[in-house]
Amino acid sequence: MKRYAFLFSIMISTACVAAQARESDEIVGVWKSGDQQLMVKIDKVGNYFQGRIVWLGDSDENGMKLDENNPDEQLRSLPLKGNKIIEGMTFNPSATHWEGGTFYNHTEGKSYHCTIAMQSADQMKIATFVQSRQDGKTDIWTRAR
């Protein structure tokens, strides 16, 4: 009887770990910002999540827009497409959101603390802030199809 209880507990804990892994990967994919001017592809790299720009609505006729507001003058001549703007995010299973990362706002040339929470399978809320969530902004992003 003890053997079956032990096997059952192993099966339950394995199922819980698998469910957390699936849940943590929910943000992987391509997302469009609330203003419809930015598309970001979020990937999992090791234990962290990062997002790179894959499309900008206000690009020039060649599909190019430079990082002209970057505080580092040497980076202002580089294209924004492909630029990493979300990085260092980790999944917090007890809070069921992603945290600990940063978000680079290319229109301001500033980086902010960031949290991400799923609102539904196709919507997520991104909160960016300087010190606390009370001093920040939120935006709802939609999964691109």
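Modeller: Contact here means heavy atoms within 4.5 Å. This is a predicted model, with local features needing pLDDT of at least 70, side-chain atom pairs pLDDT 80 or more, and totals for chains, interfaces and linings using all residues. Residues are numbered from 1 along each chain as its sequence is written, and side-chain values use heavy atoms, without hydrogens and water.

Colleague: OK. What does W141 touch?

Modeller: Leaving out residues up to four places away in sequence, W141 touches W31, K32, S33, G34, L38, V40, I86, F103, D122, Q123, M124 and I126.

Colleague: And which residues have the most contacts inside the largest nonpolar core?

Modeller: I86, M124 and W141, in a core of 22 residues. Such a core joins buried (under 20% relative accessible area, 1.4 Å probe, protein chains only) Ala, Val, Leu, Ile, Met, Phe, Trp, Tyr and Cys through side-chain atoms within 4.5 Å.

Colleague: Which strands supply at least two residues of that core?

Modeller: β2 (38-45), β3 (48-56), β4 (84-92), β5 (97-105), β6 (110-120) and β7 (123-129) each do. β4 gives the largest share, four residues. Strands are DSSP E runs of at least two residues, numbered from the N terminus.

Colleague: Switching to W31. What is its bridge partner in β2?

Modeller: V40. β1 (residues 29-32) runs antiparallel to β2, with four bridges joining them; pairing takes at least two DSSP bridges.

Colleague: How many residues lie between β1 and β2?

Modeller: Five, in a hairpin whose turn includes Q36, with a positive phi of about 65 degrees.

Colleague: Which residue does W31 stand opposite in β8?

Modeller: R143. β1 and β8 (residues 137-143) also pair in the antiparallel sense, over two bridges.

How values were computed: Buried < 20%, exposed > 50% of the residue type's maximum accessible area, 1.4 Å probe, protein only.
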